[in-house]
Amino acid sequence: MEKNIKLSENIFWIGKVDDRDVPFHRLTLTKGTTYNSYLLMTESPTVIDTVDLSFGKEFLDNLKSIIEPDKIKYIVINHTEPDHSGALGGLAAKAKNAIIVCTKLAEIELKEMYKLYDREFLIVGDGDTLDIGGKTLNFIETPYLHTAETMITYCLEDKILFPCDIFSTHVANYDYFNDMAKEDISADYIGYYKLIMHPHRRYVQNMLNKIKDLDIQIIAPSHGYILRDNVQSFIDIYDNMSKSTEINKKALILYSTMTGRTKKIATFIMEKFQEQNIVSEIINVNKVEKNEVIKAINEADVIIFGSSTKYADIIGNMEDILKELNAINLEHKIGAAFGSYGWSGEAIEVVQDYLNQSNIKVLSTSDIIKSTGMIDIEFPIRIRFSPQEEDLKNIERAVIYTVDRLLGIVPN
Ligand code: FEO
């Protein structure tokens with residue numbers, strides 16, 4: 001580790017350049033990457049994020065050459081994925097007096113990941129500040145960029161943003177700062193955005209709104225180049241690429257409801273598609289002729305089939321419609337199942353079985369985890385009784401994911 005890579009007075013880069021071919025999200029980063037960690041040498045010395053687990057010992061040995069770990073007062077963890085929190089277990093063991101600063105969700109994860117059940121945590125959220133003796137840290141939650149527990153940290157006096165994965169680049173570089181780079185980094189910066197952030201672009205706009213009034217002189221992310229030249233242009237790339245566009249796709253929501261709860265879910269799904277600029281149609285299959293329903297299926301790009309469960313089975317005309325699917329070419333369409341239930345929700349699984357037997361591309365949680373690593377998208381959509389606030393959030397995320405599939409933004 002080089003000891004004199006300074007961002008400003010008393011703020012040091014203490015990360016690791018990884019110039020191997022790095023396995024990452026089922027890809028290989030052929031240009032490698034860096035794991036950027038930062039040390040703020042104030043009256044209450046503070047480390048922001050760590051490095052990948054495979055470099056934990058090296059990180060700790062190097063850190064010891066700058067500061068005795070037991071002098072560290074705070075360890076800020078912006079994001080729990082192990083490429084940034086991997087060295088936390090080793091660091092926390094040596095930095096016995098350090099308080100770990102993170103969001104509430106991150107606390108749960110870090111305690112489990114690194115067996116930190118007895119450590120002192122400081123839970124922070126939007127707008128909270130922390131005086132670290134000579135500098136002030138400001139915290140901003142950035143959920144789903146790119147996982148639920150994430151936050152970014154802003155140093156008020158030095159005007160430095162520490163956004164962890166956000167505004168990063170996957171390049172192993174020994175130049176550290178974008179103004180020192182030997183070549184244009186735009187393509188790598190945009191490539192990273194498309195791979196990691198674009199699937200979550202609605203949350204990118206939320207994040208940009210939260211940081212818009214900050215005076216940011218330096219962006220110090222946790223992968224790749226530290227951005228200190230033309231900083232606003234890098235923020236503008238995120239802004240321009242995450243804005244929504246008109247979409248020439250159509251969604252169809254078919255439902256068969258017993259008490260009105262499945263209808264309520266169907267209506268909410270339709271509204272969420274409309275919010276994403278997708279033309280949407282909703283049909284109660286018990287009130288429309290079968291040939292009209294088949295016509296609507298033929299015209300749609302995504303079809304969501306919902307049924308309440310009664311006596312462990314589908315209700316109304318839905319099964320008649322599902323039996324017709326093998327006679328329709330659904331090859332380029334996306335399908336999913338949903339429904340409200342009281343006990344076991346068998347109807348939802350039977351709908352899913354019918355879809356699996358057709359040639360429609362069926363959305364399932366298992367496939368989504370395997371292709372994207374996203375663990376918070378639930379298909380089929382199973383709602384016990386009436387949808388609660390958390391259910392509605394889950395449905396909204398599922399619809400956003402579906403739109404991204406339609407647009408080819410996330411892999412199949
Ligand atoms: Fe760089 Fe989400 O970890």
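**Entry 1**

I am working on a predicted model. With that rule in hand, I looked up β12 and β13 (residues 136-141): three bridges join them, and the two strands run antiparallel.

As a reminder to myself, strands of a sheet pair through backbone hydrogen bonds, either parallel or antiparallel.

I turned to the domain division, which gives domain 1 as 5-242 and domain 2 as 250-407. Their C-alpha centres lie 39 Å apart. I listed the residues in the contact and got seven from domain 1 and nine from domain 2.

How much area do domain 1 and domain 2 bury between them? I have about 690 Å² in my notes, with 43% of it on carbon and sulfur atoms.

I also went through the polar side of the contact. Between domain 1 and domain 2 I count two salt bridges. One salt bridge I looked up joins the side chains of Arg 202 and Asp 404, at 3.2 Å from N to O. For polar contacts between domain 1 and domain 2, the count is four residue pairs, both residues being at pLDDT 80 or more.

**Entry 1: the annotated stretch**

I checked UniProt, where an unreviewed entry carries the annotation "domain: Flavodoxin-like" over residues 251-400. Over residues 251-400 I find the chain to be 42% helix and 21% strand. The end C-alpha atoms of this stretch are 12 Å apart.

**Entry 2: Asp 376**

Where does Asp 376 sit? I located Asp 376 in the loop between α12 (365-372) and β22 (381-384). Leaving out residues up to four places away in sequence, I see Asp 376 touch Tyr 144 and Arg 397. I liked the Tyr 144 pair: Asp 376 and Tyr 144 are 232 residues apart in sequence, with 9.6 Å between their C-alpha atoms.

Notes. Residues numbered from 1 in each chain as written. Predicted model: local features only at pLDDT ≥ 70, side-chain atom pairs only at ≥ 80, totals over all residues. Heavy atoms only, no water. Helix = DSSP H or I, 4+ residues; strand = E, 2+ residues; numbered from the N terminus. Contact = heavy atoms within 4.5 Å. UniProt positions renumbered as here; feature names shortened; annotations may be inferred. Pairing = 2+ DSSP bridges. Domains from an automatic or database assignment. Buried area = accessible area lost by both parts, 1.4 Å probe. Salt bridge = Lys/Arg side-chain N within 4 Å of Asp/Glu carboxyl O. Polar contact = N/O pair within 3.5 Å; in protein donor to acceptor, adjacent residues only side chain to side chain.
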